[in-house]
Amino acid sequence: MTNVFRRPPRAVGILGGMGPAAGADFVRLFVEACSNHLRAHNHPVNDQAFPEHWLVQMPVPDRTEALRTSPQAPHGPAPYMLQGVGRLAALGVCSVAVACNTAHVWHAQLQALFPQLRILHIAEETARHLQQQGMQCAIVLATAGTYQTGLYDAALLCHGIKALQPDAAGITLLMQGIYDGVKRGDTALAMQCFGQVLQDMQSRHGTDIPVLMACTEIPLALPQAPQAQGARLIDPAWILAQALAAQAYTETV
């Protein structure tokens, strides 16, 4: 079968760098999502069938630290993210995925300044997915900044889903796993920290509740932790990657 599209797939963009390993992994997820989309529509999976996609890896200042101090500081995350999205817009993309959960605190600002683009919202895409699956509650593992702003609480609540989060000690462990573990290349430490939090949450809420890995660093270590075996892990980045693929192939197949 040849690649016959009603029109070519649209170019899309990925804003990464938060951290760079998570941005690079998101590209992998996006390519996998595109492959699945093509197979679902009986199209061959080959190089020519994939959409043009651009990754901008910006060295964005720490999002959680900015939320703790001054979210709109001149040297905070916002100007860097705006610059990154601007570069993607100049490349002609139609839609952008931001490969960082906490960065979505600035989603409205980005969308308002780039109305010609559709900037996907990871928490909203995830909440919609859980609602379609009939979920009523979910354990949310995230950064302190994501908890502080209620990013997932609000999105899940709008879809009738209750967000369950760790206590202060659990959040401290998650932050240790993210910053001292994944971001510094110490996967063993990250697995230990994330696994302990998961075990504590499951002991309180049960093992059959879905677990949102709501920081793009968490899926890089938690699935390998012994405590995660059999857990209902859900990666919002994978849901976001599928949404971005759908944007690229809109009205093409």
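**Exercise 1. Describe how strand β1 is placed in its sheet and say whether its residues are buried or exposed.**

Solution. Begin with the pairing: β1 and strand β3 (residues 95-98) run parallel and are joined by 4 bridges, where strands are DSSP runs of E with at least two residues, helices are runs of H or I with at least four, both numbered from the N terminus, and two strands pair if DSSP finds at least two bridges between them. Within this pairing, I14 stands opposite A97 in β3. The model is a predicted one, in which local features need pLDDT of at least 70 and side-chain atom pairs count only at pLDDT 80 or more, while totals for chains, interfaces and linings use all residues. Residues are numbered from 1 along each chain as its sequence is written, and side-chain values use heavy atoms, with hydrogens and water left out.

Next, take the other neighbour: 5 bridges join β1 to strand β2 (residues 53-57), again in parallel, and H53 in β2 is the bridge partner of V12.

Finally, consider burial, where buried means under 20% relative accessible area, exposed over 50% and partly exposed in between (1.4 Å probe, protein chains only). In β1 (residues 12-16), 5 of its 5 residues are buried. In a regular strand the side chains alternate between the two faces of the sheet. Here V12, I14 and G16 lie on one side and G13 and L15 on the other, and both faces are covered.

**Exercise 2. Locate L141 and list what surrounds it.**

Solution. L141 lies in strand β5 (residues 137-141), and because its relative accessibility is 0%, L141 counts as buried. Strand β5 runs parallel to strand β7 (residues 211-213), to which 3 bridges join it, and L141 stands opposite M213 in β7. The open sheet of 4 strands has the order β6-β5-β7-β8, with parallel pairing. Since β6 (162-164) and β8 (233-234) stand at its edges with a single partner strand each, one side of each has no neighbour in the sheet.

Leaving out residues up to four places away in sequence, the contacts of L141 (heavy atoms within 4.5 Å) include Y147, P166, L174, V197 and M213. Of these, V197 is 56 residues away in sequence, with a C-alpha to C-alpha distance of 8.4 Å.

**Exercise 3. Which residues and domains line the two cavities found in the whole structure?**

Solution. The search finds 2 cavities of 30 Å³ or more; a cavity is a set of points on a 1 Å grid over the protein atoms alone where a 1.4 Å probe fits but cannot get out, and lining residues have an atom within 4 Å of a point.

The largest cavity has a volume of about 90 Å³, and of its 14 lining residues R63, C100, T102, T143 and C215 lie nearest its centre. Because domain 1 (12-121 + 238-249) and domain 2 (123-235) both give residues to this lining, the largest cavity lies between them; the domain bounds come from an automatic or database assignment.

The second largest cavity, of about 40 Å³, has a lining that includes A22, D25, F26, T216 and D235.

Key:
1 Å grid on protein atoms, 1.4 Å probe; cavity = no way out; pocket = protein on both sides within 12 Å on 5 of 7 lines; lining within 4 Å. Points joined across faces, edges and corners; volume = space filled by probe spheres on them.
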